[in-house]
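Visitor: I would like to learn how to read the features of a model like this one. Please show me the structure, and then we can go through it.

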Amino acid sequence: MIRYKTDEEIQLIRDSAQILGKVHGEVAKRVRPGVKTKELDKLAEEFIRDHGGSPSFKNYHGFPAALCISINEVVVHGFPGEYELKETDVVSIDCGVKFKGFHSDSAYTYPLEKVSEEVLTLLERTYQSLMIGIGQARAGNRMGDVSFAIQQHVEQFGYGVVRELVGHGVGKDLHEDPEVPNYGKRGKGVKLAPGMVFAIEPMINLGTKSVVQEKDGWTIRTTDRKPSAHFEHTVAIHKDRTEVLTTHEYIEQNYSFKWRNKSR
Ligand code: MG
Ligand code: MG
């Protein structure tokens, strides 16, 4: 069942998303070779709590941390821990914030400075697919229009679109209806209408679309162990426009390696 949000509820999600944007910005300052992923997680959790929120992911079905940190062939749901980032890593950082009862959810994938040109291109195109998907997310369209646009953009380059994990409605619960797949058919699926708030989150693999879950019950990695990219925004559908509630602005201000829009 889709829960349509009132303007007041969307305002709370907007407030939550502002905190989330700043959390990502603080984390971005510290993403560099040698940092332990658990240090990033600790920083994020403290920042969220200092700003009156709580980390949406922590204890969600037993997830142990505020951030999902997913490196290289890990697609999503990686645990922060003792691992130290390396200059050849590609690092997806996903975070959710709950504030005054409402969640927001967004993710960004960082290339460290010695990531290959092939992987930088995967990231750029995955980012583009998120923006193209958002462009189709408007009142009167169907969810399949969003899904199809994302799939079409990345499959032309031979990338694999993960099937097992999808975007989702966001509100009082972190994961609500409807599902937001990154593959689908134009004109199919639920009709998008004012008051819907959902996360669009393409998970795109350099190689095969096939993924497996590690024995820890969470970590999802590519079957061929080639790298994967993941970008996510939470959006709200209004009558005459679509609002991107989350922001990557603070990440792009604060991350030292300016890799985007380098005409690849
Ligand atoms: Mg999500
Ligand atoms: Mg997320």
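Predicted model: local features only at pLDDT ≥ 70, side-chain atom pairs only at ≥ 80, totals over all residues.

Visitor: Which distant parts of the chain does the pair D94 and E232 link?

Guide: D94 lies in strand β4 (residues 90-99), and E232 in the loop between β13 (228-230) and β14 (233-237); the two are 138 residues apart.

Visitor: Is D94 buried or exposed? And E232, buried or exposed?

Guide: Buried means under 20% relative accessible area. D94, at 7%, therefore counts as buried, and so does E232, at 0%.

Visitor: What are the protein donors of the magnesium ion (ligand 1)?

Guide: They are D105 (OD), H168 (NE2), E201 (OE) and E232 (OE), 2.1 to 2.2 Å from the ion. Along the chain their spacing reads D-x62-H-x32-E-x30-E. H168 sits in strand β7 (residues 167-169) and E201 in the loop between β9 (197-200) and β10 (203-205), so this pair ties together parts 33 residues apart in sequence. H168 is buried at 5% relative accessible area, and E201 is buried at 6%.

Visitor: How should I read the nonpolar core?

Guide: In soluble globular proteins, nonpolar side chains tend to be buried together. Here the largest nonpolar core has 55 residues, and F198 and I200 have the most contacts inside it. Helix α3 (residues 117-136) gives the largest share of this core, seven residues. Another core, of nine residues, lies apart from it and includes V170, V197, A236 and L245.

Visitor: Which residues does I200 touch, not counting those up to four places away in sequence?

Guide: Among them are L130, I134, V146, F231 and V235. The list also includes E232, which is one of the donors of the magnesium ion (ligand 1).

Visitor: How many disulfides does the structure hold?

Guide: A disulfide needs two cysteine sulfur atoms within 2.5 Å. The structure holds zero. For C68, the nearest cysteine sulfur is that of C95, 8.8 Å away. C68 is buried, with a relative accessible area of 5%, and C95 is buried at 0%.

Note on methods
Residues numbered from 1 in each chain as written. Chains lettered and ligands numbered in written order. Heavy atoms only, no water. Core = buried A, V, L, I, M, F, W, Y, C linked by side-chain atoms within 4.5 Å. Buried < 20%, exposed > 50% of the residue type's maximum accessible area, 1.4 Å probe, protein only. Helix = DSSP H or I, 4+ residues; strand = E, 2+ residues; numbered from the N terminus. Contact = heavy atoms within 4.5 Å. Donors = N, O, S within 2.8 Å, 3.2 Å for Na, K, Ca; no water.
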